[in-house]
Amino acid sequence: MNFLQNRKALGWGMVALLPVVSTGAYAQGAVTPEYRWLTFLVFAVIIALTMYVTYVAAKRVKSASDFYTAGGGVTGLQNGWAIAGDYLSAASFLGIAGLISQYGYDGFMYSVGWLVAYITVLLVIAEPCRNIGRYTLSDILAYRNNPRAMRIVGAISVITVSTFYLTAQMVGGGVLVKTLIGIDYEISVIAVGVLMLAYVLFGGMVATTWVQIIKAILLVAASIILVILVWLPYGFSLPAFLQDVVNDPKVQAKVASLLGDPAKNMSAAELGQRFLEPGLYFKAPIDQISLGMALVFGTAGLPHILMRFFTVPTAQQARKSVLWAMAIIGGFYVLTLFLGFGAAKLVGPAAIASIDAGGNMAAPLLAQYLGGGANSFMGNFMLAFVSAVAFATIVAVVAGLVLAAASAIAHDLYVGVYHGGDTVPPQQQVRAARIATVIVGAMAITIGIAAKGQNVAHLVALAFAVAASANFPCVLLTLYWKRCNTGGIVLGMIVGTVAAVGLTLVSPNVTYPKAVREASAKVFAGEAAKREDIVTRLASADPEVVKGAQVEQGALDKAVQKAKDDVAKVEGKERSLVGLEAPLFTLKNPGIISIPLGFLAVLLGSLLFRDRRSEELWPEVYARQNTGILASKATAH
Amino acid sequence: MAGPPNIDWNAVIADPRFQTLHRKKQGFLTGLMVFSVVFYFLLPIGAAYFQELFKMRVWGVINFGLVFALTEFVVAWLVAFYYSQRAGGEFDRLAREIAADYEKGTVTP
């Protein structure tokens with residue numbers, strides 16, 4: 001009965017969404033106005049497909065197990081695609097291709113950690129978690145430690161990590177949709193939020209899984225098509241392709257502008273070759289190692305990724321799903337090598353940065369170029385397709401995050417803590433989960449709108465850092481260390497979270513008014529000389545030189561405007577958010593300090609406190625996580 | 001939360017087959033994990049401190065650094081494949097044997 005009402009509501013939800021998308025006020029976007037209908041058409045097709053899946057899925061969601069874990073009935077192959085869909089956020093799809101297009105080698109090097117992370121997931125996390133877990137991260141911790149304490153600290157950590165990640169996705173999504181098709185930022189955020197709510201609310205994990213699978217397939221298909229178009233002219237020869245990238249004057253000009261003075265003594269060939277060498281983006285090796293640690297250990301502690309392992313029936317299927325996920329995710333990052341370098345060669349780093357300073361538009365602009373350019377039908381169709389995929393990407397990731405946060409509220413806090421382990425009827429559990437979903441969804445939209453214009457890129461790294469410093473040590477030691485107990489987990493969760501967040505608050509990630517003013521002053525000081533140089537080149541007889549100078553002029557205008565805006569933002573302020581004039585902690589990524597601190601806290605806490613239950617249940621936890629005895633009964637309820 | 005009382009978990013972990021599984025798995029997982037993490041960090045460390053090596057051209061414009069970064073992908077896949085072969089064969093067989101023996105006595109609700 002209940003689901004019939006859901007389906008009706010879903011239909012109305014879809015109707016309600018239409019005006020949101022179609023009546024938005026438009027600003028300038030990458031898609032030219034006469035082709036905007038095409039973009040909406042592609043968007044509509046993808047949304048209709050995912051909505052149909054949700055409609056079908058809504059029939060199958062009857063119990064809490066259906067809502068949180070699709071009843072444990074997902075296969076390894078399906079889950080592998082869903083993990084890829086859950087994980088390949090806009091940050092990795094658009095961000096890494098963009099980084100490669102702007103900084104060459106360093107961008108590609110950055111992508112490696114995102115794949116290696118799954119080794120940790122595969123070797124020590126996926127199978128044991130499947131064997132003893134149920135719906136949430138706290139379920140694993142609560143198995144042998146004090147359930148009430150575990151549910152409280154676990155839920156706090158899950159909500160913290162998800163909120164950081166969610167904020168970055170919502171803000172990134174709003175900016176992305178605005179940049180691509182020119183819909184207002186607020187409307188973009190609301191559209192992402194409402195769509196995601198429709199999937200999760202009605203279809204629970206079943207719909208979320210299928211939305212993630214569809215998105216991952218579209219993403220991989222789009223990338224393969226683009227890579228074929230980029231690489232085919234070179235007969236699929238890697239050296240020939242990269243040789244052409246190195247020879248490209250646009251790439252050489254970008255390297256010259258990145259290097260500054262030292263570039264003056266370098267030949268064009270040397271400048272081009274430099275694009276394939278490390279060091280254009282990452283200047284602080286320790287910081288980069290710190291980031292690598294957060295990625296490699298943090299992925300295994302991300303609640304929305306962990307939750308995916310409860311959707312498969314056995315440890316063997318969990319293992320299989322990681323293998324598929326690694327093949328898809330790794331294959332995708334290898335493709336981004338071609339997307340990034342292809343965009344640098346064909347579109348040009350400066351032209352990409354002129355649309356979005358971070359380079360995030362590299363893949364969409366490459367698609368437009370390959371289709372025939374800004375004024376062609378195919379060019380705009382390809383741009384529309386990639387934009388729609390990017391939009392689906394954000395919605396799918398957001399859906400996974402909201403589900404993870406909602407399960408922490410409904411399953412851990414409401415059922416586990418408030419009802420204290422009493423039996424709660426299934427209908428009531430599902431209702432609690434749906435109410436929690438609406439709360440988290442509304443929160444995501446509110447934060448997304450409130451954080452407009454904020455630099456949230458570092459929040460993804462922070463989410464990984466908290467997951468690596470708090471969740472990962474706690475889950476790992478609960479599963480593998482005999483002496484681990486409630487005291488250790490509570491201390492570990494607190495110390496890990498506080499260390500990661502605290503160090504970030506006193507790091508260079510936060511705005512320091514003095515530093516902003518100094519950086520802007522530098523831009524203003526260099527402006528005159530650059531203008532002079534551009535004016536000289538604008539007078540050149542060579543149209544290529546003039547074109548390059550025009551692009552640089554646009555970029556300079558943007559940089560100066562940004563510097564002015566930055567100064568205006570810190571007007572009258574002397575100290576950062578936490579009252580500092582300069583960073584106390586010089587690294588941008590706290591992982592290298594906070595991860596060892598998290599582990600140390602679990603060790604110390606466990607040795608200082610005593611907990612009979614943790615000790616008594618150790619044989620059971622250890623036997624079950626290794627052998628899967630009664631694993632099928634762990635999902636039954 | 002606690003499992004059915006009729007499984008003696010202490011007996012399971014004292015079972016010689018479980019001990020064998022535990023010993024083999026622990027050594028294998030630790031070794032593979034340490035190798036993977038060390039191999040991964042060779043990339044940022046190499047890119048920062050062994051720039052001359054990373055800039056050395058090995059195939060047309062392709063340098064050692066690019067080849068090494070691509071190797072990271074291949075090694076990650078090989079580690080995953082190697083693990084799944086080992087786990088899917090020996091470990092799963094032992095785990096199934098133990099699980100089957102101890103579950104036999106349980107009454108399913």
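Biologist: What area do chain A and chain B bury between them in this predicted model?

Modeller: About 5,100 Å², with 75% of it on carbon and sulfur atoms. A:L123, A:I629 and A:L630 supply 12% of the area that chain A buries against chain B, more than any other three residues.

Biologist: How many residues are in contact across the two chains?

Modeller: 58 residues of chain A are in contact with 56 of chain B.

Biologist: What makes B:D92 and A:R319 a salt bridge?

Modeller: The closest N and O atoms of B:D92 and A:R319 are 2.8 Å apart. The cut-off is 4 Å, so the pair qualifies.

Biologist: Which elements give two or more residues to the side of chain A that touches chain B?

Modeller: Among them are α6, α13 and α15 of chain A. α6(A) gives the most, with 13 residues. That side of chain A divides into 35 nonpolar, 14 polar and 9 charged residues.

Biologist: How do you know that the span of α13(A) agrees with its number of residues?

Modeller: At 1.5 Å a residue, its 14 residues should span 20 Å. The end C-alpha atoms are 19 Å apart, which agrees.

Biologist: Why is α13(A) called largely enclosed?

Modeller: Because 12 of its 14 residues are buried. The cover includes α6, α20 and α24 of chain A, together with α2 of chain B.

Biologist: Why does A:S321 count as buried?

Modeller: A:S321 has 0% relative accessibility. Buried means under 20%, so A:S321 counts as buried. This residue sits in helix α15 of chain A. A:S321 touches residues including A:G76, A:N79 and A:F309.

How values were computed:
Residues numbered from 1 in each chain as written. Chains lettered and ligands numbered in written order. Predicted model: local features only at pLDDT ≥ 70, side-chain atom pairs only at ≥ 80, totals over all residues. Heavy atoms only, no water. Helix = DSSP H or I, 4+ residues; strand = E, 2+ residues; numbered from the N terminus. Expected span 1.5 Å × (residues − 1). Buried < 20%, exposed > 50% of the residue type's maximum accessible area, 1.4 Å probe, protein only. Contact = heavy atoms within 4.5 Å. Buried area = accessible area lost by both parts, 1.4 Å probe. Salt bridge = Lys/Arg side-chain N within 4 Å of Asp/Glu carboxyl O. Nonpolar A, V, L, I, M, F, W, Y, C, P; charged D, E, K, R; others polar. Lists of a residue's contacts leave out its neighbours within four places in sequence.
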